[in-house]
Amino acid sequence: MNHAVYMDHNATSPVRAQAAVAAREALDLVGNASSVHRFGCLARRTVEEAREQVAALAGVEPEGVVFTSGGTEANHLALKGLRASRVLASAVEHPSVLKARDDIEIIPVDGEGIVDLKALDSMLAEGNGPTVVALMLANNETGTIEPVARAAEIARRHGALVHCDAVQALGKVPVDVTALGAHTVSASAHKLGGLPGVGALILAQPVDLIPQLRGGGQEQGLRAGTENVPGIAAFGVAVAAAASEFGHAAGLAKLRDRLETTVRRAAPEVRIIGAGAERLPNTSLMVIPGRKGATQVMALDLAGVAVSAGSACSSGTPRPSHVLRAMGYDDDLAEGAIRISLGWSSRMEDIDRFLDAWAEIRSGDVEGGFEVQPAA
Ligand code: PLP
């Protein structure tokens, strides 16, 4: 089925045309980027150009960019590689952070999903030993922005290091990595129009990092393995394209706000999660009380609109989102969430198409439709 309308950029963003061209061109480079012959040198040049592009987006020196196989690996490299006997992570982190170690201590969040800085301060005061604080910049489900710089200031006072998963923020909003105060920052290419399977750990401050993949000297000895030259080339080009679009962020927020305003007007019981906090301009997580997110997603899919359920879905079993649970929502509400996430390819027509489909589904005209219950 042809999905004319794609509104799931937080899951993965369509590959940008320029990025696809860069990947195809890089496929013609025969060389291994570590080889000394001319083919190898050309591949190396492509990798280093991309490193400069990613470094420019983050505002760091190129040496501070370690290419990885994606955001998941970047989070693992930071949380296993930084020498720490304790890792504290916010309750709303991505599973690739929460599962990176078995001994992670959870920092609570408030009803908007924002980390409790007082709790962070006391947790840091209580324990001792080298500690890493993991706090994401923007949440993948709600789009809410975490106070990373303030958390980093608290961490600094306690001598703790900070890792920031900026996978959802980088390329969507300008991020001055240095100003965040984090030591390490994760990025992922496929969230901003590059290819899946490529990412980076950005070293924003000097750190002692234990490589997790060993057996090669690539990436300054911090990540062994032959570089994915086409993926890295596409990452660099996608990053540059994303950076050139920051001026349109207000346009994206306008699309999102029109969607939310129209839905709320039609169904006042709909809850927009995280709307009371600062959010990414592209993300809307809405809950219709009493309705399953998965059912809504299927009905919208039948109507040609691709969004995702707010609940995590692993091995085919939808479970209530740990993010919404941490924010204090009960399982029934948490299961009713759908996430609409816009991006570089989104247009006003997409919003209209969503709203038409949503209204039709709501009135029960479409198979799998749902009725909106009056607010309790
Ligand atoms: N961190 C966040 C906040 C994410 O949303 C994701 C992907 O959904 C990841 C990390 C993992 O990134 P990747 O898919 O590149 O491994």
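A polar contact is a pair of N or O atoms within 3.5 Å; within protein, one atom must be able to donate a hydrogen and the other to accept it, and residues adjacent in sequence count only if both atoms are side-chain atoms. This is a predicted model, in which local features need pLDDT of at least 70 and side-chain atom pairs count only at pLDDT 80 or more, while totals for chains, interfaces and linings use all residues. Residues are numbered from 1 along each chain as its sequence is written, and side-chain values use heavy atoms, with hydrogens and water left out.

Let us start at the ligand. A polar side-chain atom of Thr 72 sits 2.7 Å from one of its oxygen atoms, and Ser 188 likewise places a polar side-chain atom 2.7 Å from an oxygen atom of the ligand. For His 94, the distance from a side-chain N or O atom to a ligand oxygen is 3.4 Å. On its own the ligand has 400 Å² of accessible area, of which the protein covers 86% (areas by the Shrake-Rupley method with a 1.4 Å probe; for residues, only the protein chains shown count as cover).

The shell around the ligand holds 14 residues, and those coming nearest are Thr 72, Asp 165, Gln 168, Ser 188 and Lys 191 (near means a heavy atom within 4 Å). Helix H3, residues 71-81, gives the most to this shell, with three residues (helices are DSSP runs of H or I with at least four residues, strands runs of E with at least two, numbered from the N terminus).

Now turn to Arg 223, which is placed in the loop between strand S8 (199-203) and H8. Arg 223 is buried, with a relative accessible area of 14% (buried is under 20%, exposed over 50%, partly exposed in between, with a 1.4 Å probe and protein chains only). Its side chain joins that of Glu 73 in a polar contact of 2.8 Å. Leaving aside residues up to four places away in sequence, Arg 223 also touches others, including Val 66, Phe 67 and Leu 213 (contact means heavy atoms within 4.5 Å).

The ring centres of Phe 67 and Phe 235 are 6.1 Å apart and their planes stand at 65 degrees, so the pair is edge-to-face (rings of Phe, Tyr and Trp, with its six-membered ring, pair if their centres lie within 6.5 Å; planes under 30 degrees apart are stacked, over 60 edge-to-face, the rest tilted). Phe 67 lies in strand S2 and Phe 235 in helix H8, 168 residues apart, and both are buried.
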